Amino acid sequence: MSHDHNMPDGFSVREGSLFCEAVSADSLAQRFATPLYVYSQTAITDAFAEWTEAFGGAEHLICFAVKANSNIAILKLLASLGSGFDIVSGGELRRVLAAGGDAGKVVFSGVGKSAAEIELALTAGIRCFNVESASELALIERIARNLNKVAPISIRLNPDVDAKTHPYISTGLKENKFGVDAEVARALYRTAHESDVLLPVGIDCHIGSQLTEIEPFIDSVKHLKNLVLDLRSSGIELQHIDIGGGLGIRYRDEEVPSAKVLITSVRDQLDDLSMELMIEPGRSIVGNAGALLTRVMVIKEGETKDFAVVDAAMNDLLRPALYSAWQTIIETAPSSVQTRVYDVVGPVCETGDFLGKDRELGITEGDLLAVLGAGAYSFTMSSNYNSRPRAAEILVSGTDAHVIRKRERVEDLWADECLPEHIGSQAHDD
Ligand code: LLP
């Protein structure tokens, strides 16, 4: 077995066997079946602590991007560490509240907030709306007035910088749907400033995800700073600067700057403004804290390719299919089987259904594999395609393994579907 990978935090290989904290992957798979999402509590706690330490003494709020992993046990854990939350829907807000999170530490991002979602957020008393258009600002104003509330707002600046990441997860270019340019932002702040029910409290941006360089962050921070100074000179004082999320993780061999390096260079730019710093990290907190365990069902030797058909598929983990994302796949136990190169594929009826291509593995049918780096955008992007129940999720802490989401049952899949009486009620004539 070739276990020369850098193992992510919370996972280790001992005498050839994969462990999540003090629990072996094999025992987890035996106990809870596969496919199975497994997270290390310590890895999440450590990653959050790394962000906290990165800020040093600076006043700040870390708002975990709920979309990366929205399991309420994970949200509860982060809330207990003092985390705030970046949400993009009423559903995510409801999850944060269900987990015991503090609405006063929630920022609400997204280009399409519905009236019902805005109402929910205003009633819950969120920290701030990250506003992305003039229409949204007008809608928030109308609803705030109806509810007799003041809505705290931030305008999301689109700084038009190239985040140098996959085009689907790049958000800070002017051709992307996100944010508004500086001129529009100025006008929106003016509108908010003049409104008795809108309160400009901050400014935000988010330029993309899985960023591996500091420069795009710094570029965007400079744009934020210019606008803050500009607004100040026109009498609009903001309290916070939210630089968004986006710091990448190592999936394979990426060299990613640390939170400390990033925040130190951000502070170099912003400290003289004396404003609270906010950040919306998702992947960098949970990405490497999770793995997807999956069993090899069939080894299929093709003419030009060998396939390992496993019991997890694109419905469980979409990133490889959607972004051609590369995630490490390893055997979870020592094996004496000769290694071969396989495409690791799922049972879903799509050619795009793969978890990894051209992977060297020493496996036989029934063996267990782990797909690493599966803590972010993994379970949250899963679906029931091909009527596959979604996997269970386990949170490991030391020697304890807690079920934080039960495996879906197949009956759950049509529980909300209806059988209208009129179908099949007429006799066939033919
Ligand atoms: N803030 C906003 C406004 C965002 O849109 C996002 C992510 C984040 C924060 C958190 O970014 P992070 O720190 O996790 O990079 N499904 C894709 C990633 C989509 C990211 C969307 N927005 C993937 O699997 O790579």
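This is a predicted model: local features need pLDDT of at least 70, side-chain atom pairs count only at pLDDT 80 or more; totals for chains, interfaces and linings use all residues.

A polar atom of the Asn158 side chain lies 2.8 Å from the backbone oxygen of Phe178. Beyond its neighbours within four places in sequence, Asn158 is in contact with residues including Thr171, Leu173, Asn176, Phe178 and Asp181.

The domain assignment divides the chain into domain 1 (11–40 + 287–409) and domain 2 (41–283). Their C-alpha centres are 32 Å apart. To the contact, domain 1 brings 24 residues and domain 2 brings 20 residues.

Between them the two domains bury about 1,900 Å², with 53% of it on carbon and sulfur atoms. On the domain 1 side, Tyr323, Trp326 and Tyr377 supply 30% of the area buried against domain 2, more than any other three residues. The interface has 16 residue pairs in polar contact, both at pLDDT 80 or more, while the count of salt bridges is zero. Within the side of domain 1 that touches domain 2, β19 gives the most, with four residues.

Next comes the nonpolar packing. The largest nonpolar core has 97 residues, and Trp51, Phe85 and Ile285 are among those with the most contacts inside it. Helix α8 (residues 215–233) provides the largest share of this core, seven residues. Both domain 1 and domain 2 give residues to this core, so it lies between them. A second, separate core of 20 residues includes Phe11, Cys20, Ile330 and Val396.

Terms used: Residues are numbered from 1 along each chain as its sequence is written. Side-chain values use heavy atoms; hydrogens and water are left out. A polar contact is a pair of N or O atoms within 3.5 Å; within protein, one must be able to donate a hydrogen and the other to accept it, and residues adjacent in sequence count only if both atoms are side-chain atoms. Contact means heavy atoms within 4.5 Å. A nonpolar core is a set of buried Ala, Val, Leu, Ile, Met, Phe, Trp, Tyr and Cys residues joined through side-chain atoms within 4.5 Å. Buried means under 20% relative accessible area, exposed over 50%, partly exposed in between (1.4 Å probe, protein chains only). Helices (H or I, at least four residues) and strands (E, at least two) are DSSP runs, numbered from the N terminus. Domain bounds come from an automatic or database domain assignment. Buried area is the accessible area (1.4 Å probe) that two parts lose on being put together, summed over both. A salt bridge is a side-chain nitrogen of Lys or Arg within 4 Å of a carboxyl oxygen of Asp or Glu.
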